[in-house]
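I am opening my notebook on a new model today.

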Amino acid sequence: MLQEKITQYTAEINAFSTTKADELEQFRIKFLGTKGIIKDIFDEFKAVSPEEKRTLGKVLNEFKQLAEAKYQSLKEEGGQAQGGKDAGMDLTLPGEGFEVGARHPLALVRREIVEIFNKLGFIVAEGPEIEDDWHNFSALNFPEEHPARDMQDTFFIKKGGEKGDIALRTHTSSVQVRMMEHGKPPFRALMPGRVYRNEAISARAHCFFHQIEGLYVDEKVSFADLKQTLFYFVQELYGEGTKVRFRPSYFPFTEPSAEMDISCTICKGDGCQLCKYSGWVEILGCGMVDPNVLENCGIDSKKYSGFAFGMGIERIANLKYEIKDLRLFSENDTRFLSQFKSALI
Ligand code: PHE
């Protein structure tokens, strides 16, 4: 009877050929486990007659070796299919997907703006976010104690308890100054970056946001150049046929100064909530660089003239993606960020 069992199990072992980890483990438990068949057979063997023991002993040992060898070779085979690692992994199962990140909408918009101006020969320049009074205000023609400084609520950095002349930059115009101080005209540059203002955080205002400044200084640069450059920019960004209009404005560092509106990107000028039913939305401030600013930066204002403009990147992104709450840009909620996946590359 024992002989019969062994013959039957030998056939079963010989027929077994899978390298799948879970089935192989079942095999090990069934034959080689502490409560397995081999253990049972050896227990039965103890009860057989001495004559039988002589013949069966050898058969039994061979049977045990067969089961062990089979298990080992299948295990190794399974391991080899995996290059030696993760033995028995089932390669037929579908792979696990992994999440790919998305670019931030502000990064997408910034890149689009930079690419448009690159075509016109503008390079990208950067400057520090912690600025001194000179670069953020004085060189830009903000007189000391002049109310124009209150146009931008500033975070000052205190030095020894005193209000020092160090502040978080309130605009990227400080980078204009740095560029002109350290180089020679012509200048044609875009300066993207983060700026800070002391404002209560709400859907419409934040204590930090992003701007892109543009600067063009050369001989005989005129207001017509400014208008044409910005007109081209708007056609590229929002499509041909987008209208522009300039309204007179005031900035200490430009003269004359203007604010530029575009025909509403949502209603195309018919009137909607976004443009407050006016058909126009403001997108940037601009003007001819004030000769005082050129002189402050060591540039001969008789020989050179230039224009500058500055826009909020959040504002442009809002017009493009209709993001109504500014806070979304900095909360890093993946439900918001993952919506920009399609624009990954
Ligand atoms: N610096 C201005 C602001 O932050 C924008 C601006 C830049 C206006 C350059 C004119 C020229 O509001």
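Which strands does helix α8 lie across? I looked this up first. Helix α8 covers residues 223-238. Helix α8 lies across β7, β8, β9 and β10. I noted that α8 runs at about 145° to β9. Here β9 is 280-289 and β10 is 304-312. I must keep in mind that this is a predicted model.

Next I turned to the sheet. I learned that strands of a sheet pair through backbone hydrogen bonds, either parallel or antiparallel. In this model, seven strands form an open sheet. I wrote down their order as β1-β5-β6-β10-β9-β8-β7. The pairing is mixed. Which are the edge strands? They are β1 (123-124) and β7 (244-251), and each pairs on one side only.

I then followed β7 to its partner. Strand β8 spans residues 254-263, and β7 pairs with β8 in the antiparallel sense. Seven bridges join the pair.

Last, I checked a pair of helices. Two packed helices are described by the angle between their axes and the distance between the axes. At what angle do α1 and α3 pack? For α1 (residues 2-15) and α3 (residues 37-45), I noted about 165°, with the axes 11 Å apart. An angle over 145 counts as roughly antiparallel, so α1 and α3 are roughly antiparallel to each other. Their crossing is left-handed. On the α1 side, the contact is made by Leu2, Lys5, Ile6 and Tyr9. On the α3 side, I listed Ile37, Ile41, Glu44 and Phe45. Six residues of this contact are nonpolar, two are charged and none is polar.

Conventions. Residues are numbered from 1 along each chain as its sequence is written. This is a predicted model: local features need pLDDT of at least 70, side-chain atom pairs count only at pLDDT 80 or more; totals for chains, interfaces and linings use all residues. Side-chain values use heavy atoms; hydrogens and water are left out. Axes are lines fitted to C-alpha atoms, for helices over the stretch in contact, and angles run from 0 to 180 degrees between N-to-C directions. Helices (H or I, at least four residues) and strands (E, at least two) are DSSP runs, numbered from the N terminus. Angles under 35 degrees count as roughly parallel, over 145 as roughly antiparallel, 65 to 115 as roughly perpendicular and the rest as oblique. A crossing is left-handed if the near helix is turned anticlockwise from the far one by less than a right angle, and right-handed if clockwise. Contact means heavy atoms within 4.5 Å. Ala, Val, Leu, Ile, Met, Phe, Trp, Tyr, Cys and Pro count as nonpolar, Asp, Glu, Lys and Arg as charged, and the others, Gly among them, as polar. Two strands pair if DSSP finds at least two bridges between them.
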